[in-house]
Number of protein chains: 2
Amino acid sequence: MTHSFNPPVRVLMGPGPSDVHPRILEAMSRPTIGHLDPEFIRMMDEVKTMLQYAFQTNNVLTMPVSAPGSAGMETCFVNLVEPGDEVIVCRNGVFGSRMLENVTRSGGKAIMVDDAWGKAIAPQKLEDALKANPNAKIVAFVHAETSTGALSDAKTLCEIAHQHNCLTIVDSVTSLGGVELRVDDWGIDAIYSGTQKCLSCTPGLSPVSFSEAALETIKSRKTPVQSWFLDLNLVMGYWGENAKRSYHHTAPVNALYALHEALVMLQDEGLENAWQRHARHHQALRAGLEAMGICFIVDEADRLPQLNAVAIPDGVDDAAVRARLLREFGLEIGAGLGEMAGKIWRIGLMGAACSQRNVILCLSALETVLGISGGIAAAAEQYKP
Amino acid sequence: MTHSFNPPVRVLMGPGPSDVHPRILEAMSRPTIGHLDPEFIRMMDEVKTMLQYAFQTNNVLTMPVSAPGSAGMETCFVNLVEPGDEVIVCRNGVFGSRMLENVTRSGGKAIMVDDAWGKAIAPQKLEDALKANPNAKIVAFVHAETSTGALSDAKTLCEIAHQHNCLTIVDSVTSLGGVELRVDDWGIDAIYSGTQKCLSCTPGLSPVSFSEAALETIKSRKTPVQSWFLDLNLVMGYWGENAKRSYHHTAPVNALYALHEALVMLQDEGLENAWQRHARHHQALRAGLEAMGICFIVDEADRLPQLNAVAIPDGVDDAAVRARLLREFGLEIGAGLGEMAGKIWRIGLMGAACSQRNVILCLSALETVLGISGGIAAAAEQYKP
């Protein structure tokens with residue numbers, strides 16, 4: 001016989017999920033109501049409005065996809081790419097490759113613009129690619145590469161894309177709520193994110209937003225969207241403006257309660273305050289790690305505060321250290337992904353996990369397990385008033 | 001400013017979601033851990049084993065898709081159908097049409113076998129279609145049509161399909177846990193369900209299972225699966241037997257806690273006991289409704305106990321009655337869907353919502369709102385020892 005599952009209590013400082021605030025967990029456990037209930041539909045409207053705030057957009061089609069971030073990515077590509085379309089994909093980590101997969105499987109032709117892992121995307125390379133490929137219809141890139149901790153200049157990349165009459169698809173899975181992100185000001189046409197990073201919500205939903213230009217492109221497609229589940233022409237009947245809220249699929253009711261609560265908390269803190277909090281604790285963690293001789297793999301100007309990618313010190317057993325952190329401290333940090341596996345750790349400071357308490361815990365645990373000191377003192381210095 | 005959302009407490013007797021047991025809601029609110037945490041991976045194994053029990057299968061690839069039932073349906077079609085494949089779709093309600101959409105969008109050629117809404121699928125029609133289409137590769141049908149409350153004979157339909165060397169795709173969204181369903185004994189090759197019906201879990205996940213023959217078909221595809229998110233060749237790296245549990249997408253951790261708890265409860269009750277419970281309360285509800293002069297639209301032999309589709313009495317205002325039930329009794333029953341809209345109500349008795357208390361509440365509420373008596377007494381008669 002199988003018994004109820006009682007998870008251990010962890011501190012989640014990996015690449016996500018991040019620590020979920022008890023308020024959000026509690027909201028998730030409120031009584032389930034129907035996905036067509038008038039009260040539920042009122043809550044959906046609030047979720048949309050608060051997502052518009054989080055994304056800094058007035059886009060009417062701003063909503064959570066009923067599945068994880070990977071499905072949010074697929075929503076953007078299958079709706080915007082038609083067979084034969086040329087899509088420029090800037091790649092500087094794992095998720096650029098996943099974009100390539102999405103373009104290909106949608107029947108599009110991907111033109112890859114590669115930068116080294118750990119580097120920001122070079123605007124000049126995008127400019128060159130656009131000049132060399134005048135028929136390109138879309139430019140796609142990752143704002144905050146979760147596999148490397150590098151932040152790219154989304155504003156500049158979008159400007160260049162628009163100068164060449166391209167739509168933009170932006171991955172903000174790790175950036176939303178953690179660093180500056182302005183969908184309307186920067187001219188992002190399609191964007192997807194996840195709930196389990198800087199929103200500190202449970203994993204499972206993918207907030208997305210589409211500009212008027214993106215919607216026009218979707219509405220004037222020559223071919224049907226290959227996915228029924230992700231076809232925005234259909235989903236809009238449930239989530240769209242002035243929609244009849246007609247049944248498309250059964251919404252994940254309780255997961256949406258959780259997202260609603262996470263967004264209330266973001267609104268209460270204030271978006272810019274949240275960005276500043278991520279920056280502040282990153283500076284303290286950084287000071288501590290560097291004092292311990294642990295080096296960042298991303299240039300200072302391009303570092304994500306919420307995802308600290310550092311080189312594993314020479315001679316240190318990656319898996320053994322992470323296992324001890326988990327066993328002795330209940331602390332999860334992230335392993336490397338793809339070509340970074342075994343070479344780096346990814347230390348998250350996302351959402352509710354981004355706190356002074358966690359910075360000190362993480363440094364203390366690393367000092368103990370690695371047998372190096374000096375980290376806590378250096379971080380404490382940063383917190384002095 | 002938007003405030004926290006406090007849902008009203010409803011009794012969910014529509015077509016799903018059904019009432020979620022407090023144990024399941026509480027499980028969902030346990031602390032989030034990482035999707036690669038060793039403890040989480042142990043829990044995933046338990047979920048798989050308990051889903052095998054619920055589906056009555058030894059299929060190695062038995063797992064929950066990280067999205068609602070509609071995505072489970074799409075998982076079956078996009079993985080098994082290749083461009084040009086002929087797929088026979090038996091249609092006797094809304095969800096047969098959705099299967100047609102899935103076949104077409106996967107590049108397949110759908111051959112429709114239609115039965116009237118509210119009728120079970122006629123095996124002879126399937127037999128005739130298979131004889132007329134010797135190149136058909138797959139037969140797809142809905143076991144329990146959520147739009148009409150009709151149950152089809154999945155065992156016989158699968159036998160016929162296999163006699164013609166076809167794979168079978170079966171929709172068990174509403175049947176799993178509510179009526180007899182035996183994946184291995186009946187020879188079902190691909191099946192999908194939902195968590196929010198007779199498992200009484202929160203909506204958002206889709207349990208699926210695939211036979212060895214289905215897996216072979218997927219592994220030997222000539223073309224890539226068009227969906228990256230739903231490509232089982234990739235998903236198996238995380239959920240498959242002896243898989244490395246390598247990252248594919250971030251699993252919806254807390255939703256899986258809830259499903260785990262729902263399956264522990266099913267295991268504790270016993271699958272056949274759950275089937276019998278659904279049948280018993282259906283008989284009482286039926287006696288009550290018929291005593292009130294309310295008629296079922298499905299022939300007695302084909303009725304789903306967990307979804308009672310009844311004709312709206314003449315002269316009764318559909319929307320006004322449902323609104324009063326919701327407002328005065330906190331009771332949700334389902335409207336008609338598709339061509340049944342405005343003609344029928346769908347009264348669910350699913351999972352935790354399938355109880356004597358709810359049967360009596362529903363009849364009492366309907367007696368009050370419709371001004372008809374006799375229902376409660378007739379149901380009480382059924383409950384006499």
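Helices here are DSSP runs of H or I with at least four residues, strands are runs of E with at least two, and both are numbered from the N terminus. Counted that way, chain A has 14 helices and 13 strands. The radius of gyration of chain A, taken over C-alpha atoms, is 21 Å. The globule rule, 2.2 Å times the number of residues to the power 0.38, gives 21 Å for 385 residues, so chain A is as compact as a globular protein of that length.

Hello everyone, a quick word on what we are looking at. This is a predicted model, where local features need pLDDT of at least 70, side-chain atom pairs count only at pLDDT 80 or more, and totals for chains, interfaces and linings use all residues. Residues are numbered from 1 along each chain as its sequence is written, while chains are lettered from A and ligands numbered from 1 in the order in which they are written.

Back to chain A. Its C-alpha atoms fill a box of roughly 60 × 55 × 50 Å along the principal axes. How much of chain A is buried? Buried residues make up 58% of its 385 residues. A residue is buried if 20 or more other C-beta atoms, placed from the backbone, lie within 10 Å of its own, exposed if 12 or fewer, and partly exposed in between.

Now a strand to find on your screens: β12 of chain A, residues 331–335, has four of its five residues buried. Which strands pair with β12(A)? Two strands pair if DSSP finds at least two bridges between them. β1(A) pairs with β12(A) in the parallel sense over three bridges, and Met13(A) has Ile333(A) as its bridge partner.

Most residues other than glycine have a negative phi, and most peptide bonds are trans. In chain A, though, a cis peptide bond joins Gly16(A) and Pro17(A), with omega about 0°. Pro17(A) sits in the loop between β1 (11–13) and α1 (22–28). Chain B also has a cis bond, between Gly16(B) and Pro17(B).

Finally, two positive phi values. Ser200(A) has phi of about 60°, in the loop between β9 (190–192) and β10 (206–210). Is Ser200(A) buried or exposed? It counts as buried, because it has 28 C-beta neighbours inside 10 Å. Asn165(B) has phi near 60° too, but counts as exposed, with 10 such neighbours.
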